[in-house]
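Welcome! Take a moment to look over the sequence and the 3D picture before reading on.

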Amino acid sequence: MNNVLVIVYSYTGTSRRVAQVLCSQQGWPLAEITDARRRSGAMGSWRCVLDSLLQRQPAIRYDGPPPSDFDAVVLVSPIWMMRLAGPMRSFVARQRDRLPDVAVLSVMGGQGAPNAAAEIGKRLARAPILSAAVTQREADDGSCAARLQAFGNAVREAEDSHAVVRPVTLSPQST
Ligand SMILES: Cc1cc2nc3c(=O)[nH]c(=O)nc-3n(C[C@H](O)[C@H](O)[C@H](O)COP(=O)(O)O)c2cc1C
């Protein structure tokens with residue numbers, strides 16, 4: 001089964017690099033969510049903080065293929081203030097009824113990934129088929145590659161088997 005779309009939001013580029021590695025390992029296409037209003041400098045970072053603390057849904061752009069054309073999507077996003085990054089929250093809320101099976105891959109300094117997966121599950125009223133996280137350090141030094149491979153393989157197997165899908169967490173080194 002190869003009908004999987006990876007959808008990424010990235011503020012400083014790490015999640016994008018992680019998503020690109022996953023796509024190149026599995027041969028999956030990549031689509032990107034971007035901010036409708038550019039984030040830059042201290043004000044941009046402050047807006048990230050407020051988006052998370054207030055659980056806001058900032059305006060976004062998405063020009064990728066319709067998620068409903070795929071059997072599964074992998075949502076890749078950073079953690080902000082222990083929560084899902086605001087633009088991914090906007091995407092999930094907007095696409096809620098068009099999303100097929102969802103796997104969640106969080107990119108973080110070290111803490112908060114379970115909250116992001118739980119929020120996505122709550123917004124969709126169904127649990128992600130898989131969730132995993134990598135740290136910024138693991139992305140920077142490349143040591144997350146084996147876990148990304150295992151995560152991608154697990155998504156593939158979950159879709160292939162089409163058994164009762166259960167949430168599975170592949171833990172990072174630090175959570
Ligand atoms: C405003 C803000 C808040 C953050 N809060 C957290 C946090 O609560 N926990 C964490 O592990 N990392 C946190 N981080 C770190 C990012 O999740 C991490 O650097 C990630 O790799 C960034 O991904 P990106 O480069 O794709 O934007 C935060 C970063 C920003 C900008």
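The report below starts with the model itself and then visits a strand, the core, the ligand and a loop residue.

## About the model

This is a predicted model, in which local features need pLDDT of at least 70, side-chain atom pairs count only at pLDDT 80 or more, and totals for chains, interfaces and linings use all residues. Residue numbers start from 1 along each chain as its sequence is written.

Helices (H or I, at least four residues) and strands (E, at least two) are DSSP runs, numbered from the N terminus. Let's begin with β4: 9 of its 9 residues are buried, so the rest of the structure largely encloses it. Here, buried means that 20 or more other C-beta atoms lie within 10 Å of a residue's own; exposed means 12 or fewer, partly exposed is in between, and C-beta atoms are placed from the backbone.

Strands pair if DSSP finds at least two bridges between them. β1 and β4 run parallel, joined by 5 bridges, and V8 stands opposite V76 of β4. β4 also runs parallel to β6, with 7 bridges joining them; V76 has L105 as its bridge partner in β6. With β5 (residues 83-84), β4 pairs in the antiparallel sense over 2 bridges. These two strands form a hairpin with 2 residues between them, and M81 in the turn has a positive phi of about 50°.

## The nonpolar core

A nonpolar core is a set of buried Ala, Val, Leu, Ile, Met, Phe, Trp, Tyr and Cys residues joined through C-beta atoms within 7 Å. The largest one has 47 residues, and V6, V74 and V76 are among those that touch the most other members. β4 gives this core its largest share, 7 residues.

## Around the ligand

The ligand has 21 residues around it, and T14, S15, P78, M108 and G109 come nearest.

## A residue in a loop

Where does R56 lie? R56 is in the loop between α2 and β3 (60-62). R56 is partly exposed because 13 other C-beta atoms lie within 10 Å. Leaving aside neighbours within four places in sequence, R56 is in contact (C-beta atoms, placed from the backbone, within 7 Å) with L50, D51 and G86.

Note on methods
A residue is near a molecule or strand if its C-beta atom, placed from the backbone, lies within 6 Å of it. Two residues are in contact if their C-beta atoms, placed from the backbone, lie within 7 Å.
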